[in-house]
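Hi there,

Here is the structure I promised to pass along.

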Amino acid sequence: MSSWISPATRTELIEDLVSGVDRYNPSNFSILEDYLYHQIRSEEYDCLANLAILKLYQFNPELYNPDVVVNILIKALTACPLPDFNLCISLLDERPVNSNLDEPDPLPALLPILKGLHSLLYRCRFPKFWEDYRSKELEALRDNYTVECIGFENAVREVAVRAVKAAFTEISKKRLGSYLDLTGSDLEAYIQKLGWTVDAASSVVSIPPNLDNQIVATVVQESISLPQLTKVISHAALKA
């Protein structure tokens with residue numbers, strides 16, 4: 001959680017803006033927008049800084065830039081299952097309409113698509129996510145936005161990996177490939193990078209033990225002293 005509040009990659013200037021009194025100062029919006037594009041180019045992510053941009057757009061509709069909003073939502077997609085995407089959406093619902101744009105606003109058309117992709121990721125429907133993402137209907141999203149977001153597809157794969165690590169001790173190689181949208185040598189290399197092992201005979205991938213994928217019996221013991229028990233009995237007697 002501490003890395004979510006203050007990522008290690010956040011500069012001192014951005015830290016002062018996000019944590020200080022100038023967070024919603026409209027004169028600083030260009031700095032935050034530049035920081036967003038730095039995140040896109042460098043595979044970094046800073047949710048609170050991006051939320052500050054959306055809040056500035058609420059307070060100052062004339063600053064609204066639809067491309068910035070779309071890029072913020074794309075970055076938030078890769079944080080699933082954290083609530084980042086929904087936090088961003090909550091700030092858009094109250095956004096006044098800006099009629100001063102030079103070109104048509106692409107957000108109304110893209111927003112349902114992004115919400116649909118987020119829903120698929122949140123529900124761990126990874127094969128369907130890749131099917132929809134690769135479809136002809138989403139070509140504009142890929143060509144105009146995600147292609148510019150360095151490492152977007154690998155970031156989505158990391159969402160799938162987190163889910164697999166939490167739910168499986170073993171998974172078939174074919175099923176894992178459908179989750180990651182990888183096959184052949186690309187899938188082999190990715191599994192090797194994760195440090196997971198594959199049984200050559202059965203093509204089953206073994207997931208190392210972790211706190212989430214191990215079934216551990218928990219014994220709960222409660223210690224109640226006699227004075228505490230007396231108070232409970234006395235209270236019950238008074239209510240009777």
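What percentage of the 240 residues of the chain count as buried? The figure is 38%, where buried means under 20% relative accessible area, exposed over 50% and partly exposed in between, with a 1.4 Å probe and protein chains only.

Before the rest, a word on the source. This is a predicted model, in which local features need pLDDT of at least 70 and side-chain atom pairs count only at pLDDT 80 or more, while totals for chains, interfaces and linings use all residues. Residues are numbered from 1 along each chain as its sequence is written, and side-chain values use heavy atoms, with hydrogens and water left out.

Overall shape: the chain has 13 helices and 3 strands (DSSP runs numbered from the N terminus; helices are H or I with at least four residues, strands E with at least two). The radius of gyration is 24 Å, well over the 18 Å from the globule rule for 240 residues, so the chain is more spread out than a compact globule. That radius is taken over C-alpha atoms, and the rule is 2.2 Å times the number of residues to the power 0.38. The C-alpha trace spans about 75 × 60 × 35 Å along its principal axes.

Now the core. In the largest nonpolar core there are 65 residues, and Leu 73 and Phe 129 touch the most other members. Such a core is a set of buried Ala, Val, Leu, Ile, Met, Phe, Trp, Tyr and Cys residues joined through side-chain atoms within 4.5 Å. Helix H4 (residues 47–59) gives the largest share of this core, 9 residues. Beyond its neighbours within four places in sequence, Phe 129 is in contact (heavy atoms within 4.5 Å) with Leu 117, Leu 120, Leu 121, Phe 152 and Val 156.

The strands form an open antiparallel sheet in the order S1-S3-S2, where pairing requires at least two DSSP bridges between two strands. S1 (170–172) and S2 (197–199) stand at the edges with a single partner strand each, so one side of each has no neighbour in the sheet. S2 is joined to S3 (residues 204–206) by 3 bridges, and Thr 197 has Ser 206 as its bridge partner in S3.

Some backbone details for you to check:

- Cys 80 and Pro 81 are joined by a cis peptide bond, with omega about 10°.
- Glu 43, not a glycine, has a positive phi of about 65° and is exposed, at 53% relative accessible area.
- Asp 181, also not a glycine, has a positive phi of about 60° and is partly exposed, at 28%.

Best wishes
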